[in-house]
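Try each task before you read its solution.

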Amino acid sequence: MTALRVTELHQTFNAGTINEVRALRGMTFELGESEFVTVIGSNGAGKSTFFNAIAGAVVPTQGTIEIGGQNVTSWPEHRRAGYVGRVFQNPLHGTAASMTIGENLTLSMMRGKRLSFKRALSHSRRRQLEKHLEPIGLGLEGRLNDSVALLSGGQRQALSLVMASFSEPKVLLLDEHTSALDPETARQIIDMTDNIVGERRLATLMITHNMQQALDHGTRTMMLHKGQVVLDLSAEERRGMSVQDLIAKFAEVRHEELTDDVLLLDDN
Amino acid sequence: MTEVPVAEPSVEGPTQGKFDRARTAAGRYAISAAVLVALFLAMGGRSSIGVWFSAVAVGLTLSTAAIGVYLTFRVLNFPDLTVEGSFALGGAVTGLMMTNGYSPFVTLPVAFVASASAGLITGVVATRLRIHSLLASIIVTTALFSVNLRVLGRSNLPLLSEGSFLTPFQDGFKDFIRSTFGDDQVRHANNILAIVMVGVFVVVIKLVVDGFMRSELGTAMRASGDSPQMMRALGRNTNTYIVAGVALSNGLTGFAGSLASQFQGFSDVNQGLGLIIGGLAAVIIGETVFQPRTLPQATAAVVGGMVIYRIAVAAALTVNIGGFRFDASDVKMVTAVLLLATLAVTRVRNLGAT
Amino acid sequence: MKQQDERRPRYLAFGLLAMLGALLLGACGSDTDESASTTEVTTEAEAEAESEDEGESEVEADADAAAEDVTVGLLNLVQNPTLIAIQEAFIAELAAGGYVEGENLTIISANADGDFASLPTLVQSQIDEGVDILAITTTPLLQAALNVTQDMEDPPLIVFNAVTDPYAAGIANAPDDHPAWIIGAQMFPNIDVTVELLTQLYPGGTIGYLYNPSEANSVAQTEELERLLADTDLTLETATITDSSEVRTAAESLLARNPDTFFYSQDSTVGDGVAGLIQVANDGGIPVITNDPQAVGVGAALGVVVEFEENGRQTGEMAAQYLDGDLDPATFVIPRTEGFYYTINNDAVEIQGLEVPQDILDQAVDQTPEG
């Protein structure tokens, strides 16, 4: 069963006005159950809009979205939240700073459940968390009472990643989640991502500006351009490819030069 | 296994070692104690003890409102001015019920519910109609002025003849004071009784609020105020939690309004004026002096902050240094300066913190 | 995920119902007085009118003079029994003068309920309704009325009552020097009688006095008090307040200065918060003596109260005479209501420890609450 199927997805903002933006122009895409796909594309290619559509933050102008076989196209964001895990670029957005690590994790544990007046971080939940966190190897299980405000950006992203993947969502969306971190920390987060995604076999989409990173991680790489999928490289196809090769491939397919500075400069 | 770097301990940030934190805590408490002692002497020493008892009593009656203000301003990030109207609503409901023969104790939960409804309306107006919380709350508080007049029947209603929550215990307590401390101290009996009884109310309420905030619903409420984006991504309707929180906060304020009306012996539709300043002062002073790190510590801190604030106001009204007194009309300036001084001290101390 | 959607409309409904409930509670619970709107006021004037119909020719002569329909606007600041009694005395005297509501007199009444911002609007709306006389109760309303009418070509007559000091309030310079269309009767408390009483009760003693310096009336009363006390051996300890919630603290601070008695005059801020003063007085065993007509019923021990109903009656007489054509406002001299009486609360006298002289006991009006 596919984790995610997107069919002829169109997204137009401000239709009919002078500010009309056609962010997605007929995207069709399938994500298998344990696939880890890296997503690249220049600015304005539609990557974030794509994620927002999957998560339900925007309603598509046309097309369908199916998650885990379920047609969720018309579902509002909070209804889909049980199916979709998301980590944002900004470390501050994925966690609640005024609360403790344990409380944040509890909130992700309670995802989709009806809330009660019972104690949030009960003893049984604590044990559950400790059991779950230990294999990750971050020492979070010993710091459940620490305030999130004490964590560095990298630690907060690590926590966001744990929270997003906790309840084994059908689709994990990673939206440039290392680009706000320094290179060393970014590398550690990426390694952690590989581990979690690999161990849990989560269907994952990861947006990155770093083309090398896109090639080095995941099992498949997809390039978006002007709201459409222009490249979709399987593991075999991209093996041994360098960034230069990728750029050449793009020119070949689109008969135009890739001119996005950020994309070109930002490789290792 | 991955390793993620541990945050470097910084000298001035919140990750101070335990010893450093204790030292500054001792410093803060010492300074606060010194200030209070100085005020005590400036107010006339032992003869001013009546003023102190009454100030502490009033501070405690208002402290649930301080918890309410803390909830909306700090926890929910929803600046809420409804409290001025809902405080008076609590008093108005109490006045109406007591003049119709209801027991003073029954008026307390009714005042809570009535004021919580007012908060509910503010919350719904703000979230559904997407109006800024300040504007929504000002509108509701203005409407409440008319509601309070209707409920009370007049702008000021004396309640002395109806009794209060103190009445069943007054005589017994007076006898107790007389036998333990002598006739001279009997005149403080009512104030002390109020401190004891209201203290019990406040402790119970604080513990209930703390417990709720630890619950699943309470945790979701806190996160809705802190990080609505995260909560929405987790599939929660943040609006519902914010509205419930605003209702809870105003309910606490209405409870304080009922206590205040009963204690002061009258209910006035204008008695909420200036409550926002008082509540914010309580929060600022409480956070500065007690530096709470957890929510239960914070609710205790704002209670303490309200008591300290009321002592400061009483001091401003009664201080007498060699014949110099503040005019009543100067008191507002004095409290403003006090708040500024407290804020200045806070900034200096927390340069490196979040 | 359905539960959140279900809860929202439920909360909204609950909230609106609760607010409605509060309103209904208020409508049921409040007394018959109505507020902040233009209404008809029914009074005892109708009963008087009936007896007049059976009366003699002299009464009929008055009734003949009042042939035309007149409209009188009544304006009050707050709902309290004293002010309402003054207004009722005014209306009763009008009726005695031949102007009976429902027959040849229409009364439009409004109450500001303490909302100072709306005073000019209330005055203006009654003028727009074409009142012949504006009967103004309390000083702030009088000031608003002066402001609204002073540039008018043909303002209605303003008759004021329950005004402690129109001179301090800037309405007039002297009893014979006032705007031509404003007349009334001053209701200044009998501070002279009170000072005499205090010297009799506490020779060489200390008076704990409270007032609000932002009330012009209170400043005038305080000056009079200080002037009179200068000739005595009494010491005055003063505490000022700006809000009714400060009364208690002010009382406590006065208590620390060992007064023999508390005293306050006709100050509405202290009056609103008098419960706080009384509690402190009861606890400390210090009497409360006052000029405030309502305080003794609430718990003050002894009152030296100006004849406020007479103040209402006097002004009603002025209005009737004006309507008869027998009074020229421009040359009218503003009188001061004479007459006072003592009020006593026996429970408070006992708790607060006041020794009341026998002659006062004999004549004082008993306002001790029942039960």
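**Exercise 1.** Work out how many bridges join strand E4 (residues 62–67) of chain A to E5(A).

*Solution.* Start with the pairing: E4(A) and E5(A) run antiparallel and are joined by 2 bridges; two strands pair if DSSP finds at least two bridges between them. Strands here are DSSP runs (E, at least two residues), helices are runs of H or I with at least four residues, and both are numbered from the N terminus. Next, find Ile67(A), which stands opposite Gln70(A) in E5(A).

This is a predicted model, in which local features need pLDDT of at least 70, side-chain atom pairs count only at pLDDT 80 or more, and totals for chains, interfaces and linings use all residues. Residues are numbered from 1 along each chain as its sequence is written, and chains are lettered from A and ligands numbered from 1 in the order in which they are written.

**Exercise 2.** Find the strand order of the open sheet in chain A.

*Solution.* The 4 strands follow the order E2-E1-E4-E5, with antiparallel pairing. Strand E2 (21–32) and strand E5 (70–71) of chain A are at the edges with a single partner strand each, so one side of each lacks a neighbour in the sheet.

**Exercise 3.** Determine how many residues of chain B are in contact with chain C.

*Solution.* Count pairs whose C-beta atoms, placed from the backbone, lie within 7 Å. This gives 46 residues of chain B against 50 residues of chain C. H4(B) gives the most to chain B's side, with 6 residues.

Terms used
Two residues are in contact if their C-beta atoms, placed from the backbone, lie within 7 Å.
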